[in-house]
Amino acid sequence: MPFHAEPSERQTLVDWTTYATAYDLLSQHNPEYQALLHGFEAFLGTIETPQLIYDIGGGTGNYTQIAARVFPESEIRFVEPDAGMIGAAKAKMAAHANISYDTLSIEDLDATAKADLVICVHALYAMPAPEQRLRDLRRLLRPGGWLYLVDIGRHLDVADWRTYLFSHLRKQHGLAGALRILWQGREIAKQNKAIFRAQQEGVYWTHTGAELAEAASAAGFEIVSQQPAYRGYSDLLVCRANP
């Protein structure tokens, strides 16, 4: 999940620790989120076993959990500054001995050991100076290393997502079940409204797919593939680090 701007740099505070309490509950019931996870696992099946992997802004650890299962011999550095998020991730991945945890900002990470794969999903948009953070992502990689980047670029329409999820949940669980799940995950809607306000205020980065690709290219990446994701709210880029 995202790194945070300094309080003086922002007007809207998103409580990521509170967000973490219901994040996995709603994600389990969100077909679009599950599609992202399946797509990531399919991508891992196309690359050689990485020696070192970074998950930057790793949230509650869902992508690292997949990487640790697919590549049990890889060293994985999980980077997430929020206490609630990283606490949930540690509990979830306690059985995996190949994961270490960092609470540093990406710009403060020691990149002496270059990674073969960097994962950054729905985190870049909330980092301060995102174009510079893309250069930091490049700094973590060896030449030819992979960047798996998914980023929210469009304003987060909470009402649209609520309608979409309610329709899906009602088909799967009936009216009562749908209402129960949405109530249990109500904190997500609250924090998503804060994300939307931060996007409106320009605190969080909004972009088109073309703008994200241009920024990634300028940061030293070759775009291998690109597609819209997450119902068009996000962009998925698979990149390789230029020499």
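## Helices α6 and α7

In this predicted model, helices α6 and α7 pack at an angle of about 175°, with their axes 12 Å apart. Axes here are lines fitted to C-alpha atoms, for helices over the stretch in contact, and angles run from 0 to 180 degrees between N-to-C directions. That makes α6 roughly antiparallel to α7, a label for angles over 145 degrees, while angles under 35 count as roughly parallel. Helices are DSSP runs of H or I with at least four residues, numbered from the N terminus.

Which residues of α6 meet α7? They are V158, R162, L182, W183 and Q184, and their partners in α7 are R186, A189, N192 and K193. Contact means heavy atoms within 4.5 Å.

## Helices α2 and α3

The axes of α2 (residues 31-44) and α3 (residues 62-70) come within 10 Å and cross at roughly 30°, so these two helices are roughly parallel to each other. On the α2 side the contact includes Y33, L36 and F40, and on the α3 side Y63, I66 and V70 are among the residues involved.

## The largest pocket

About 490 Å³ of space lies in the largest pocket. A pocket is an open set of points on a 1 Å grid over the protein atoms alone, where a 1.4 Å probe fits, with protein on both sides within 12 Å along at least five of seven lines; lining residues have an atom within 4 Å of a point. The volume is the space filled by probe spheres set on the points, which are joined across faces, edges and corners.

Of the 24 lining residues, L26, L165, I188, A189 and N192 are the closest to the pocket's centre. Helices α1 (16-28), α6 (158-184) and α7 (186-200) each give two or more residues to the lining.

## Reading the numbers

Residues are numbered from 1 along each chain as its sequence is written, and side-chain values use heavy atoms, with hydrogens and water left out. Local features need pLDDT of at least 70 and side-chain atom pairs count only at pLDDT 80 or more, whereas totals for chains, interfaces and linings use all residues.

Notes:
Parallel < 35°, antiparallel > 145°, perpendicular 65-115°, else oblique.
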